[in-house]
Amino acid sequence: MDKKYIRVCPQCGKDIEYSCKKALNLAIKKNSYCNKCRLNNAYKLKASKNNIKILLEENLESYYWIGFILADGHIDQNKRLQITLKSTDYEHLKKLSDYINCGIKLYNRNDYESCSLTVQDSKYVPLLTEKFDINSNKTKFPPTKDIFEKMDKDKLKSLIIGFIDGDGRISNQVNRKDFFLSIKCDKSWLNVLKIFNVEIDDVDRTIVNNYGYAKFCVSNTAKLKKLKQFAINNNLPILKRKWDIIDLNYVSRGELYKKRRADIKKLVLEGKSPKEISKMLDINYHTVYGIIKRNKDFKENE
């Protein structure tokens, strides 16, 4: 006799039967309803007025979601916005659905589980596409770089963070606790990615690789921690599974060297010898001496 996978609908209390344990576990995770309740809720959401107008407001969360839409969204016929993600990112998509007051659909086709948000608004979607120069084929036709060059720095940073949550990758470096960020898009995005790269890393290292993609990487842990701290300070709804990789308490070798250099320079300019500095900072004498020797603005006092 086949095993039955059953749970109770959290809204009406009706038993719901699932075809496999995987489907049951997903339903428990999403706290999903039976078909009848789900359709009723979807009807109520459809009947209620969406609030896509909020994406036109000049606040940092709206700019975050614009960045996310630029990466993962699609605008059809200049009036319908749609975003489809893997079901594992359901909770993140729900943050956007709550923000603009629209529903989410869950799909399970050929063992591929996904969630989708669709909202149609013939008044505010066109205003959105005009303000941010969003083309229906944004993969090949990105917004003009002027859109980002004229943007307030904090708004630009928020938009970039949203874009990272859509198209960026944050990972640990091989066999190291250090982390890095990379973004890869169609080569048509080259000029836009250059702006993003400079905003994050203060330099432009964006290239077009051999496969025709525009790409940049940032491996400066201090700057990535600063970017995450900005998101936290401004309560941006960041995608947890990505940003958790950036450990704000981790101190890289580069950061450690920079701090040591500053401490040693201060003591050198106070007239301390390398030997005295070594004892005061509990750093190996040869390390102290090497740092002093490599930095010509230090005055040695043997």
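How many bridges join E9 to strand E10 (residues 213–218)? Two, and the strands run antiparallel. This is a predicted model, so local features need pLDDT of at least 70 and side-chain atom pairs count only at pLDDT 80 or more, while totals for chains, interfaces and linings use all residues. Residues are numbered from 1 along each chain as its sequence is written, and side-chain values use heavy atoms, with hydrogens and water left out.

**View 1. The four-stranded open sheet, ordered E7-E8-E10-E9.** Pairing here is antiparallel; two strands pair if DSSP finds at least two bridges between them. Helices (H or I, at least four residues) and strands (E, at least two) are DSSP runs, numbered from the N terminus. At the edges sit strand E7 (168–172) and strand E9 (207–208), each pairing on one side only. Look for Val208, whose bridge partner in E10 is Ala214.

**View 2. Helices on the sheet: H7 (residues 153–167) lies across E7 and strand E8 (179–186).** H7 runs at about 80 degrees to E8. Helix H9 (residues 221–233) packs on the sheet too, touching E8 and E10, and its direction makes about 75 degrees with that of E8. Contact means heavy atoms within 4.5 Å. Axes are lines fitted to C-alpha atoms, for helices over the stretch in contact, and angles run from 0 to 180 degrees between N-to-C directions.

**View 3. Tyr63 and Phe132, an edge-to-face aromatic pair.** The whole structure has seven aromatic pairs; rings of Phe, Tyr and Trp (its six-membered ring) pair if their centres lie within 6.5 Å, and planes under 30 degrees apart count as stacked, over 60 as edge-to-face and the rest as tilted. In this one, the rings are 5.6 Å centre to centre, with 80 degrees between the planes. Tyr63 lies in helix H3 (residues 60–72) and Phe132 in helix H5 (residues 124–132), so the pair ties together parts 69 residues apart in sequence. Tyr63 is buried at 5% relative accessible area, and Phe132 is buried at 3%. Buried means under 20% relative accessible area, exposed over 50%, partly exposed in between (1.4 Å probe, protein chains only).

**View 4. The aromatic cluster of Phe148, Phe163, Trp189 and Phe196.** Zoom in on Phe163 and Phe196: their ring centres are 5.4 Å apart and their planes at 70 degrees, so this pair is edge-to-face. Phe163 belongs to helix H7 and Phe196 to helix H8 (residues 190–201), 33 residues apart. Phe163 is buried, with a relative accessible area of 0%, and Phe196 is buried at 0%.
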